[in-house]
Amino acid sequence: FERALRHQPPSPTLSQPFIPPLAYALIVCGNILVLSSTYALGITGTYLGDYFGILMDEPVTSFPFNVTGAPMYYGSTMSFLGTALLYGRPAGVLLTVEVLLVYWVALSYEE
């Protein structure tokens with residue numbers, strides 16, 4: 001992702017004055033979703049639960065899981081999109097769409 005952004009020239013279309021505030025908002029909101037879901041699940045629930053069968057007693061229903069069932073997927077997608085917009089790189093926007101599609105496929109198996 002970083003290499004795709006670095007090696008592509010900025011797009012004039014993505015250089016509009018409203019883009020940087022939108023980009024920062026996406027990055028901040030995306031990171032809030034990711035970090036708060038890590039906090040809600042704990043380190044074990046975030047990184048080890050599915051792989052080692054360490055499951056929580058009850059589903060987490062507090063924030064951010066009361067906003068979306070997949071806050072890490074959607075939060076990271078928002079951060080990718082915000083970064084691509086901030087740097088004005090169309091390749092980053094396309095890669096963000098690809099990441100979102102892969103996350104949707106993963107969610108279809110998880111739910």
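A residue is called buried when its relative accessible area is under 20%, exposed when that area is over 50%, and partly exposed in between, using a 1.4 Å probe and counting protein chains only. By that scale Thr77 is buried, with a relative accessible area of 9%. The structure is a predicted model, in which local features need pLDDT of at least 70 and side-chain atom pairs count only at pLDDT 80 or more, while totals for chains, interfaces and linings use all residues. Residues are numbered from 1 along each chain as its sequence is written, and side-chain values use heavy atoms, with hydrogens and water left out.

**Overall architecture**

- The protein chain has four helices and zero strands, where helices (H or I, at least four residues) and strands (E, at least two) are DSSP runs numbered from the N terminus.
- Taken along the principal axes, the C-alpha atoms of the protein chain fill a box of roughly 50 × 25 × 20 Å.
- Of the 111 residues in the protein chain, 28% are buried.
- The protein chain exposes about 7400 Å², and carbon and sulfur atoms supply 67% of that area, with accessible areas coming from the Shrake-Rupley method with a 1.4 Å probe.
- Contact means heavy atoms within 4.5 Å, and among contacts in the protein chain between residues at least 6 apart in sequence, 77% join residues at least 24 apart.

**Nonpolar core**

- The largest nonpolar core consists of five residues, namely Leu14, Ile19, Ala23, Leu26 and Leu85; such a core is a set of buried Ala, Val, Leu, Ile, Met, Phe, Trp, Tyr and Cys residues joined through side-chain atoms within 4.5 Å.
- Helix α2 (residues 19-52) gives the most to this core, with three residues.
- When residues up to four places away in sequence are not counted, Leu85 touches Leu14, Ile19, Leu22, Ala23, Leu26 and Val93.
- In soluble globular proteins, nonpolar side chains tend to be buried together.

- Thr77 is found in helix α3 (residues 71-87), and its side chain reaches the backbone oxygen of Tyr73 at 2.8 Å.
- Beyond residues up to four places away in sequence, Thr77 touches Thr96, Val99, Leu100 and Tyr103.
- Ala84 also has its place in helix α3, and at 0% relative accessibility Ala84 counts as buried.
- Leaving aside neighbours within four places in sequence, Ala84 is in contact with Phe1, Leu5, Arg89, Gly92 and Val93.
- The C-alpha atoms of Ala84 and Leu35, which are 49 residues apart along the chain, are separated by 20 Å.

**Salt bridge**

- The count comes to one salt bridge, under the rule that a side-chain nitrogen of Lys or Arg lies within 4 Å of a carboxyl oxygen of Asp or Glu.
- Arg6 forms this salt bridge with Glu2, and the closest N and O atoms are 2.7 Å apart.
- Because Arg6 and Glu2 are four residues apart in helix α1 (residues 2-6), they are separated by about one helical turn.
- Arg6 counts as partly exposed at 48% relative accessibility, and Glu2 counts as partly exposed at 47%.

**Nonpolar surface patch**

- Val28, Ile32, Phe63 and Val67 make a nonpolar surface patch of about 360 Å²; patches are made of residues with over 30% relative accessible area and no salt bridge, like charges being joined within 9 Å and nonpolar side chains (Val, Leu, Ile, Met, Phe, Trp, Tyr) within 5 Å.
- Val28 has its place in helix α2 and, at 47% relative accessibility, counts as partly exposed.

How values were computed
A polar contact is a pair of N or O atoms within 3.5 Å; within protein, one must be able to donate a hydrogen and the other to accept it, and residues adjacent in sequence count only if both atoms are side-chain atoms.
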